Structures are given as C-alpha cells and as structure tokens.
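This briefing concerns the structure displayed below. Please keep the sequence and the model at hand while reading the points that follow.

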Amino acid sequence: MSEPDFNELLSQYDRRGMADFTRKFVDDLGAAISAETEMGEDSDWSGVICLGMGGSAAGGLFLKALSDETGGLPFVVWRDYGLPSWWGPEWLVLATSYSGGTEETLDGVREAISGGGTIVGICSGGKLAEILAESEESVCLNVPSGQMPRSAFGHIFGMQLSACWSLGILPEPSEEEISEMLGRLSVASSEADLSRNSGMAATLSRSLVGKELGIVSPTCLAPAAYRFSCQLNENSAMFARATEVPEMNHNEIVAWTNSASENSALLLLYCDGLHPRTSSRIEWMLDV
C-alpha cells in the first residue's frame, strides 16, 4: 500500500484544526502548570473528589493515577449529577468544565456549596465561574477560552496539576524534572506529527481504519487509554473502548480469544516498571 499524503488528508478532513491544537498541547501544558494560582498549601483534607465529564474527567483520572503512585490522599472521579452519598465538606471538590456550562458538573457544584464544601473550579468562564464568584469558600482558576473542549486538555490538566501542587496535595516535581518532562513530550509530539508522514503514527492510523478498537493498558496508563478512546469516539466517530490489565484478563479476554472479528483491532499500551505479572499478561496477549 502506497503511503498516503497526510498533509492532503489533514487539509481535507481536519476542518476544525485539531492537528494544530495537538501541536500546541505541550506549550499549553507548560503554560498551565507554571501559572500562579495564588493558593497556599492546604492538604488537610480527607480526599479530593474530581467533578467533570469527558476531557475534564480525564484530567481527574490522571490526577488519581498520580496520587495512587506517589500521593497521600485518595482522588475520586465523579462523572454524574450531584455528589456521592458519602461526600462531606472534609473532601475538597475539584470541579472542571472547560466551557463552564457542563450541567452535570454544575449540579454537583451547587450541591457541594449547599453542603458547606470548598470548591476549586477550573473553567474558561460560563456559569461555573459565576456560581463560584458568589461562594466565599470557592476559588475559580481560569484557562484560555476559544477552543473546542476536546482540544483544550493541555490547559485543563496543566491547571489541575498546578492547583494540586499549590495546595500540596500532590508532590511537585523540581523545575529540572518538569523541564525534562516537557522536553520528552515535545520530542514525542513532533515525531508523531502526521504532517511529517511519521512512520509509527501513519502505520497505526492506517491499521485502525474501519475497525472497532479495544485499547488495553495497565492500570497506571488507564487514563491515557480512556482519553485516547474518547478522542477516537469524538474526532473520528469510531467505536473504541478502554480496559485495564489485569482486570480484563478475568472476563473480556475470553471474548478476545474466542469471538473477536476481523473488524476488531487491539491496541496495547505498555511502560516500564509494571508488576511482573502484569507484564507477563501483556506479553501473553501479544503472543496469542
């Protein structure tokens, strides 16, 4: 199969500029994590409940993964109306809505305020900013507006990180570590840019055309798998779902080994430092 002209395809199909927004992701993230939140350290919480939907919820999932690895507080992601029955004002509420108008998130914020909660909101304006401006126990952190919410993840997650570092509820890396991280992301982003007919990204994109995709990851990479599936659902209008090893080996693996059709594609995410048994499970899946 001849190599397609990805610049031509982007010009034809990327009518809302997602490729350009993707190129700006690292800059957006870097600007957001260096933003001054004007919040002092306050880690005396039972935990953090992250309200949000879609990309805003994905940021909460990444925060949870970080806290599970190196943090000292539980993070719970709530993607629904209201709040769970166990919630109380000793739990910090991190409410994220890029537009500021996500109805499920607004409903949870109103319930938290009526229950005496403290809310840190992240938005580009809208109703969320208005509600938090009237609450003495709340703070609203603004991110740049004017984008599609699905393209603003750098702004959103960067500001979430900055807030958690300022409050001391997640350990803040050194400036050198942050610089090295952003450098690695810049290289990865550049190498995956389809406008350069990037080999791996091009091969991957061709192999997924017309397929229903299952994305399998270890638990620590589950937020990335979830966000990838969301972007495929929304930007490409294709079915994609994410699941985690070892959990998927207890049920879903039976379907993959017995019923997966030719129209199915399996994508495995992997990283160093996994539990040995998790690595073995992923290697077995690659073989079988």
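This is a predicted model: local features need pLDDT of at least 70, side-chain atom pairs count only at pLDDT 80 or more; totals for chains, interfaces and linings use all residues.

A residue counts as buried under 20% relative accessible area, as exposed over 50%, and as partly exposed in between. With a relative accessible area of 46%, Glu130 is therefore partly exposed.

- Strand 4 (residues 119-123) and strand 5 (residues 138-142) run parallel and are joined by 5 bridges.
- Within this pairing, Ile119 has Ser138 of strand 5 as its bridge partner.
- Glu130 and Met285 are separated by 155 residues in sequence, and their C-alpha atoms lie 50 Å apart in space.

- Three strands form an open sheet in the order 7-6-8, and their pairing is parallel.
- Strand 7 and strand 8 (264-268) each have a single partner strand and stand at the edges, so one side of each has no neighbour in the sheet.
- From one strand to the next, the twist averages 25 degrees.
- Strand 6 (residues 212-218) is joined to strand 7 by 6 bridges, and the two run parallel.
- Leu213 stands opposite Ala240, which belongs to strand 7.

**Backbone features in loops**

- Most residues other than glycine have a negative phi, and most peptide bonds are trans.
- Glu38 has a positive phi, near 60 degrees, although this residue is not glycine.
- The loop that holds Glu38 lies between helix 3 (25-33) and strand 1 (47-51).
- Glu38 has a relative accessible area of 79% and therefore counts as exposed, the cut-off being over 50%.
- Ala237 is likewise a residue other than glycine with a positive phi, in this case near 55 degrees.
- Ala237 belongs to the loop between helix 10 (222-235) and strand 7.
- The relative accessible area of Ala237 is 72%, so this residue is exposed.
- The peptide bond from Val245 to Pro246 is cis, and its omega is near 15 degrees.
- Pro246 is placed in the loop that runs between strand 7 (240-245) and helix 11 (252-258).

Methods
Residues are numbered from 1 along each chain as its sequence is written. Side-chain values use heavy atoms; hydrogens and water are left out. Helices (H or I, at least four residues) and strands (E, at least two) are DSSP runs, numbered from the N terminus. Buried means under 20% relative accessible area, exposed over 50%, partly exposed in between (1.4 Å probe, protein chains only). Two strands pair if DSSP finds at least two bridges between them. Axes are lines fitted to C-alpha atoms, for helices over the stretch in contact, and angles run from 0 to 180 degrees between N-to-C directions.
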